[in-house]
Amino acid sequence: PVDPAMLYSKLLQWLPEGGSAAVAAAPPPAAGEDIRSLLDQVPGLDVAYGLKNLRGRIPNYLRLLRKYADGHAADGERIRAARAAGDTDEVRRLAHSLKGVSGMIGATGVQGLAAELEAAIREGLDAEIIEARLAAVEAAQAATVGAILRLPDAEAVAAAQEAAASAVPDAAARAAAVEETLRRIDAFLAEGNVMVMKQARE
C-alpha cells in the first residue's frame with residue numbers, strides 16, 4: 001500500500017524549486033505597469049495620447065520623451081536670446097516649434113502655454129505680457145523635463161519587458177506540468193496502482 005502523505009512529501013522534494021509556488025502564485029505584473037504609473041506623474045503630460053501614437057510601446061515613448069528633454073529643455077533660453085537680439089521671426093519660430101513638438105509627445109501643458117506665447121508674439125502684445133507668458137512656458141517646461149529625466153532608462157525597461165514576457169510562458173508551462181503530474185498521481189492513488197511511485201519519480 002502507498003501512504004499518500006509520504007508520497008506527496010517526496011513529490012515536493014523532487015519537484016523543481018519554485019514549482020509548487022508557480023501553481024498558487026499569480027504571475028508577476030508586466031514591466032510596463034509600474035512605468036506607466038511613473039509616466040502619469042510627469043506634470044502636464046497626456047500619457048494616453050502619447051502612448052496611443054506609439055501603439056502603447058512604453059520603451060519607444062521613453063526614448064521619445066528623453067529626446068524631447070535633451071533637445072528642447074533650453075528652448076526658453078533660446079527664445080530669450082532671440083528676443084534680446086531683436087529677432088522676432090526667430091522668437092516666433094521657436095515658440096511655434098516648441099508648441100508643435102510638445103503636442104506630438106503629449107506634453108499638453110507646455111503645448112498650451114507655448115501656443116499662448118506664440119499668439120502674444122504674433123499679435124505684437126506688450127513686452128510684459130510676452131515676458132509673463134515666456135516665464136510660464138519655462139516653468140512648465142522645467143517641471144516636465146525634470147520629471148522626464150527621472151524616468152527609467154528606455155533600454156532597461158525594454159529588457160525588463162522582454163524578460164517578463166519570456167518568464168511568463170515558462171512559469172505557466174512549469175505549473176501545467178506540475179498540475180498534470182499531481183492529477184496522474186491522484187488517479188493512480190484512487191486505483192491503488194503501483195505505477196504511482198514511478199510517476200512520482202518522473
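Q: How do the axes of α6 and α9 cross, and within what distance do they come?
A: This is a predicted model. In it, the axes of α6 and α9 come within 10 Å and cross at roughly 160°. That makes α6 roughly antiparallel to α9.

Q: Is that crossing left-handed or right-handed?
A: The crossing of α6 and α9 is left-handed.

Q: Which residues meet there?
A: From α6, they are Gly76, Glu77, Ile79, Arg80 and Arg83. They meet Ala127, Ile130, Glu131, Leu134, Ala135 and Glu138 in α9.

Q: And α5 with α9, what angle do the axes make?
A: The axes of α5 and α9 cross at roughly 130° and come within 9 Å. The two helices are therefore oblique to each other. α5 passes α9 in a left-handed crossing.

Q: Which residues make the contact?
A: α5 brings Leu65, Arg66, Tyr68, Ala69, Asp70 and His72. α9 brings Gln141, Val145, Ile148 and Leu149.

Q: Let's zoom out. How many helices and strands does the chain have?
A: There are 11 helices and 0 strands. Read along the sequence, the pattern is α-α-α-α-α-α-α-α-α-α-α.

Q: What share of the chain is buried?
A: Buried residues make up 31% of the 202 residues.

Q: What share of the contacts joins residues 24 or more positions apart?
A: Such pairs account for 65% of the contacts with a separation of 6 or more.

Q: Now the inside. How many residues are in the largest nonpolar core?
A: That core has 34 residues. Leu39, Leu45, Tyr61, Leu65, Tyr68, Leu98 and Leu117 have the most contacts inside it.

Q: Which elements give two or more residues to this core?
A: They are α3 (31-39), α4 (47-53), α5 (58-72), α6 (75-84), α7 (88-105), α8 (108-122) and α9 (127-149). The largest share of the core, 7 residues, comes from α9.

Q: Take Leu98. What does Leu98 touch?
A: Leaving out residues up to four places away in sequence, Leu98 touches Tyr68, His72, Asp75, Val110, Ala114, Val137 and Gln141.

Q: Where is Ser102, and what is Ser102 in contact with?
A: Ser102 sits in helix α7. Apart from neighbours within four places in sequence, Ser102 is in contact with Tyr68, Ala107, Val110 and Gln111.

Q: Buried or exposed?
A: Ser102 counts as buried, because its relative accessibility is 0%. The cut-off for buried is under 20%.

Q: Next, Val47. Where is Val47, and is it buried or exposed?
A: Val47 lies in helix α4. At 3% relative accessibility, Val47 counts as buried.

Q: What does Val47 touch?
A: Val47 touches Arg36, Leu39, Asp40 and Tyr61, not counting residues up to four places away in sequence. Val47 and Arg36 are 11 residues apart along the chain. Their C-alpha atoms are separated by 8.1 Å.

Q: Last one, Arg55. What is its phi?
A: Arg55 has a positive phi of about 55°, although it is not a glycine. Most residues other than glycine have a negative phi.

Q: Where is Arg55, and is Arg55 buried or exposed?
A: Arg55 is in the loop between α4 and α5. At 70% relative accessibility, Arg55 counts as exposed. The cut-off for exposed is over 50%.

Conventions: Residues numbered from 1 in each chain as written. Predicted model: local features only at pLDDT ≥ 70, side-chain atom pairs only at ≥ 80, totals over all residues. Heavy atoms only, no water. Core = buried A, V, L, I, M, F, W, Y, C linked by side-chain atoms within 4.5 Å. Buried < 20%, exposed > 50% of the residue type's maximum accessible area, 1.4 Å probe, protein only. Helix = DSSP H or I, 4+ residues; strand = E, 2+ residues; numbered from the N terminus. Contact = heavy atoms within 4.5 Å. Axes fitted to C-alpha atoms, helices over the stretch in contact; angles between N-to-C directions. Parallel < 35°, antiparallel > 145°, perpendicular 65-115°, else oblique. Left-handed = near helix turned anticlockwise from the far one by under 90°.
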